[in-house]
Structures are given as C-alpha cells and as structure tokens.
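Colleague: I'd like to learn how to read this model. Could you take me through it, feature by feature?

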Amino acid sequence: MIKIIFMGTPAFSVPVLEGLVEKGYEVLAVVTQPDRAVGRKKEIKMTPVKEAALRHKLPVYQPEKISGSEEMAELMTLGADMIVTAAFGQFLPERLLNSVKHAVNVHASLLPKYRGGAPVHYAIIKGDQEAGVTIMEMVKKMDAGDMISQRAIPITDADNVGTMFEKLSLVGRELLLDTLPDYLAGNLKPQPQDETKVTFSPNITPEEERIDWQLSARDIFNQVRGMYPWPVAHTIWQGTRFKLHEVALADSSHVNGIPGQVIEKTKKSLIIATKKGAISLTIVQPAGKPKMPIQDFLNGLGKNINIGDQFE
C-alpha cells in the first residue's frame with residue numbers, strides 16, 4: 001500500500017485523514033500546526049488533526065515553519081510515496097514536494113475560483129449557489145496545480161461557514177478516496193487550471209468584518225453567514241463593537257428607512273434597514289457579553305433601543 005505523509009490542521013482535515021487510515025493507506029506521519037493558546041484563558045489546545053492523529057497512534061510533527069526545519073529533514077527520510085494536504089496552513093518547499101512521487105491537495109473550492117485561505121467564506125459572502133472541493137497536484141505557487149478531480153454541492157440559505165465546512169470535509173474525504181486509485185494507476189490525467197478564470201480568497205481582514213449598511217439586505221445576510229462561526233461580522237452600537245452571529249431577511253414590506261436604522265422593534269425582534277430591504281437580528285453579542293438570542297438582548301441591555309436609533 002502506498003505510504004503517505006498527511007498535512008492538515010483544522011476540523012475540515014480530520015475526515016480526510018481518517019478516511020485514508022480507514023481505507024488502509026499507510027500514514028507514516030501527520031504534520032500539523034503547533035499547539036496554540038486560545039480563548040480568554042489562553043489555554044493551550046491541540047489542533048483537531050493532532051487529536052485525530054493521536055487517536056490513531058500516528059507520529060505527529062508540528063514545525064512552526066516547515067521550510068528548512070529539522071522536522072522537514074526527518075520527514076524526507078521516511079520513504080513516503082506521497083504527500084496529501086488538506087488545509088495545512090503553510091506553503092510546502094519545492095525540495096519537500098520533489099522528495100515524493102506524488103503530492104496532492106484537498107482544496108475547498110471549485111478551482112480556479114477562490115484560490116487562497118478563505119474559499120468557503122468567499123463563496124457564501126459572494127452569494128454563490130454552490131461550493132465544492134478540488135483535488136489538485138501541488139506546486140509551489142498557491143493552489144495553482146493541475147486539477148485531478150472536482151465535486152460540487154449546493155449552498156442553501158440555512159448554511160454558514162461552519163455547516164459548509166462540515167459538509168465539504170466529507171465531500172473532500174470521499175472525493176479523495178474515489179480519486180486516488182485511478183490517479184495513482186495513471187488513469188486520471190490532471191488538467192491545468194484556466195488562468196483567465198482565477199479568483200482569490202485571501203483571509204478575511206478585520207476591516208471586512210464590519211457591516212456596511214449601505215449594502216442590500218441579501219448582501220448583509222450573506223456576509224453574516226459567510227463569517228460565522230469565525231471571524232464573526234460586527235456593527236457598532238453605542239460606540240462599541242456589536243457582533244452579529246445570525247440574522248434573517250425581513251419580509252419585503254420593510255423597505256423604508258435610513259441604512260442602519262432601527263425600523264421595527266417588538267419584544268422578540270429588531271429589524272434594521274439596509275440600502276435595499278431590511279434584516280432581522282437573530283443572535284447577537286454586545287461588547288463584553290456572551291452571544292444571546294435577540295429577545296434576551298431586548299429584555300436586558302437593549303431595553304432602551306428605539307425605532308429610529310442607528311447602528312453604524
């Protein structure tokens with residue numbers, strides 16, 4: 001059986017790794033990002049891939065930077081036939097790629113669309129009707145290798161980044177396992193990407209997290225879904241950051257109002273005008289507070305919000 005070095009970091013990567021193990025591929029080593037301090041308490045946490053690797057008793061390597069590291073030198077002595085990456089989070093040096101016969105990446109977009117680190121975020125934010133996974137050969141240039149196989153699934157209004165990553169991780173696992181036998185046998189000929197259709201999905205910046213109320217209700221709805229559960233979209237209320245974890249499109253009767261203005265308030269709902277249409281806030285998080293349903297906010301901190309008040 002082919003010998004594989006697997007590289008990945010987040011939960012998206014775990015089904016791919018476990019699929020390889022369950023299918024009988026010999027995973028010689030797992031490479032993932034170093035443990036990090038997370039949350040307010042700065043607790044050190046292992047990556048999801050490290051947790052999975054340890055469950056399967058696989059050797060784990062965690063270089064801060066793989067290029068030129070002692071870990072890379074050791075990996076190159078293992079006798080691997082192939083490297084498989086899935087959301088690893090680092091560029092692989094050419095020397096490492098050239099040390100194996102095959103190197104493929106499981107990328108969560110329908111290439112050549114959305115090369116880069118946030119393809120699922122962009123697919124939702126841009127209002128795409130579908131997302132998908134591409135298995136491609138690895139080259140030193142970001143997500144630019146020849147495509148081996150591809151599979152798409154629909155994006156629904158009920159989806160957000162979290163739900164799509166869960167779905168796409170399973171698509172990626174099945175697509176990779178379906179692809180590898182024919183690819184390794186030479187029966188699949190990788191196809192170059194059409195460079196005229198390339199788009200990019202760089203990591204979301206803090207500036208992009210802020211709601212622009214001059215956008216349409218649909219665009220804001222997509223932005224909130226495309227940033228949940230991370231990094232989370234926000235607006236400004238009473239001079240402080242006010243996170244929007246979940247919103248809904250208000251019905252078409254809500255068409256009047258200055259963008260960002262409260263146009264309707266009940267005990268259980270708060271509706272905000274946009275440039276075109278309106279949105280209803282569903283789950284929010286005031287500064288320094290946990291996230292909460294809108295009715296809890298309105299019964300507490302939001303008691304004094306009135307129609308005509310402005311979110312910025």
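Modeller: Start with contacts, meaning heavy atoms within 4.5 Å. Among contacts in the protein with a separation of 6 or more, 65% join residues 24 or more positions apart. The model is predicted: local features need pLDDT of at least 70, side-chain atom pairs count only at pLDDT 80 or more, and totals for chains, interfaces and linings use all residues. Residues are numbered from 1 along each chain as its sequence is written, and side-chain values use heavy atoms, with hydrogens and water left out.

Colleague: How many helices and strands are there in the protein?

Modeller: Both are DSSP runs, numbered from the N terminus: helices are H or I, at least four residues, and strands are E, at least two. Here there are eight helices and 15 strands.

Colleague: What percentage of the residues is buried?

Modeller: Buried means under 20% relative accessible area, with a 1.4 Å probe and protein chains only. Of the 312 residues, 51% are buried.

Colleague: Now one residue. Where does D128 lie?

Modeller: D128 sits in the loop between α5 (119-125) and β8 (130-137).

Colleague: Why does D128 count as buried?

Modeller: Because its relative accessibility is 15%.

Colleague: Which side chain does D128 join in a polar contact?

Modeller: A polar contact pairs N or O atoms within 3.5 Å; within protein, one must be able to donate a hydrogen and the other to accept it, and residues adjacent in sequence count only if both atoms are side-chain atoms. The D128 side chain makes one with that of Y114, at 3.0 Å. Beyond neighbours within four places in sequence, D128 touches K113, Y114, A123 and I155.

Conventions:
Buried < 20%, exposed > 50% of the residue type's maximum accessible area, 1.4 Å probe, protein only.
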